[in-house]
Amino acid sequence: MTNSSIKKFVFATCVASLFASCDKKEDTPVPPEAEGNFQYVVVATPEGSTAEGADYLLQTGSLTEGSITTAGAGIEQDGYRYYAFHKNKAFSFLYGQGNPGAVTTYALDENGTLKYVSNLQTETVQVFGTYGDELILMKCPRSLSSPNAGIYRVDAVNPQIVGTSYIDVVQLAGNGEMAHFTGAFQVDDKVYAPYMCIKDNYFRTDYTDSTWIAVFSWPGMTLERVIRDNRASYIGYYFALRGVTQIENGDVYTFSHSPIGNAEQGIVPSTNPSAALRIKKGAGEFDQSYFFNIQEISGGYHLHRAFYLSGTKFLLTVINNREQTPQYGDTNELRFAIIDVEAKSFAWVAGLPEPERLVHVSRLPFVADDGSSIAFGITVADEYPHVYTIDVATARATKGLEVISGCITSIGKLTF
């Protein structure tokens, strides 16, 4: 995979020409004042740019009303960035295309203004998760000749690297390919790191009918064992980072999208459907009595990503794509649904733009503290991006905050 194609693979595109007909506003919109001691952080690219442009970190007190802009506002980022919110900080990760990256940290000051906190140098990583007060970062190799994946522990309270370890991903895969991690998640006192198998930099693989989770100790990040299943495909995909969740009752649910395959790229299609599997609390193995066929209940859609809400409910994005594996930022007939993994119920979300109009959907949405709503930045043709807030109880979305920009990439919330 070339650097150019990797950029497109990792960073969703929103085409600048689609915004040429947007109405321009003469006055700079004033964001609504915050009520309380919090601010939302909305990450957006400038108007007329693609998602590959430098982001701006913007502030607002509301996601449901008002208008903000990247013009003359916000904190500009350098290069391709992706984001995480943890321990009341915003973390901005530089994607260095194989070169060293950087982790830049921001927080609100006593007046509620977003300020730079610190910057530390790391490798360019493809996985970032959380455990307690720390971030877990992983650099995943894509060459059989350099099989060691780097694992970095970062103190999220006082940002600094506090631990480094390595694992041989060829040895981990054990099938002649490489284990490529798709996330890192705290489950009780362990780290669960699901992975796919790949042959090379083009993500070619012959193994699409199996599910793997590497279980690591904490804080040593020593591999303890691998949990396997063959009823679904691998969990997540490159840069999905959302495939494993331990819910409130202690059970763990995993989500596999079922690769569609690509003959030219040498990716074998999966014979298994998009599905959710379960690991019962304290079990450490997949529950063979549980299988939630998402592809069947959705009428043939492939799972794109899964976002935990609360209780036993998740928000899913699903994709009607018969030609290729779902990718980061893919909006080919993307649709949204609320599921209950215990009841195995499925409900389409109403009130969103028609799937064929979608140009870009934010990779990192904001989930309300109580899980009652989830907010995505959505861009459609001929409009500025807006934040759509989905009410979980009614499975209905409401159009809210306008962001005069190219597209919205991430949304988070900080307090002061």
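Student: How many disulfides does a search of the whole structure find?
Tutor: This is a predicted model, in which local features need pLDDT of at least 70 and side-chain atom pairs count only at pLDDT 80 or more, while totals for chains, interfaces and linings use all residues. Residues are numbered from 1 along each chain as its sequence is written, and side-chain values use heavy atoms, with hydrogens and water left out. A disulfide here is a pair of cysteine sulfur atoms within 2.5 Å. Searching the whole structure on that basis gives a count of zero.

Student: Is Cys197 buried or exposed?
Tutor: Buried means under 20% relative accessible area, exposed over 50%, and partly exposed in between, with a 1.4 Å probe and protein chains only. Cys140, at a relative accessible area of 5%, is buried. Cys197 has 0% relative accessibility, so Cys197 is buried.

Student: What is the mean pLDDT of the chain?
Tutor: pLDDT is the predictor's confidence in each residue, from 0 to 100. In this chain 88% of the residues reach 70 or more, and the mean is 88.

Student: How many strands does the chain have?
Tutor: Helices (H or I, at least four residues) and strands (E, at least two) are DSSP runs, numbered from the N terminus. The chain has three helices, and its strands number 31.

Student: What is the order of the open sheet that contains β1?
Tutor: Two strands pair if DSSP finds at least two bridges between them. Strand β1 (residues 38–45) is joined to β2 (residues 56–60) by five bridges, and to β31 by eight. β4 (75–76) and β31 (407–415) each have a single partner strand, so one side of each is left without a neighbour in the sheet. The four strands pair antiparallel in the order β4-β2-β1-β31.

Student: Which residue in β31 stands opposite Val42?
Tutor: Toward β2, Val41 has Gln59 as its bridge partner, and Ala44 has Tyr56. Toward β31, the residue opposite Val42 is Ile411.

Student: How many residues of β1 are buried?
Tutor: In a regular strand the side chains alternate between the two faces of the sheet. In β1, one side holds Phe38, Tyr40, Val42 and Ala44 and the other Gln39, Val41, Val43 and Thr45, with both faces covered. The buried count for β1 is eight of eight.

Student: Is Thr70 buried or exposed?
Tutor: Thr70 lies in the loop between β3 (67–69) and β4. Beyond four places in sequence, its contacts include Ala44 and Thr45, Tyr56 and Leu58, and Ile404. Thr70 has a relative accessibility of 7%, so Thr70 is buried.

Student: What distance separates the C-alpha atoms of Ile404 and Tyr384?
Tutor: Ile404 belongs to strand β30 (residues 396–404) and is buried, with a relative accessible area of 6%. Ile404 and Tyr384 are 20 residues apart along the chain, and their C-alpha atoms are separated by 5.6 Å.

Student: How many residues are in the second, separate core?
Tutor: Phe181, from the largest core, touches Met138, Cys140, Tyr195 and Phe216, among others beyond four places in sequence. The second core is separate and includes Phe307, Leu352, Val361 and Ala395; its residue count is 20.

Notes:
Core = buried A, V, L, I, M, F, W, Y, C linked by side-chain atoms within 4.5 Å. Contact = heavy atoms within 4.5 Å.
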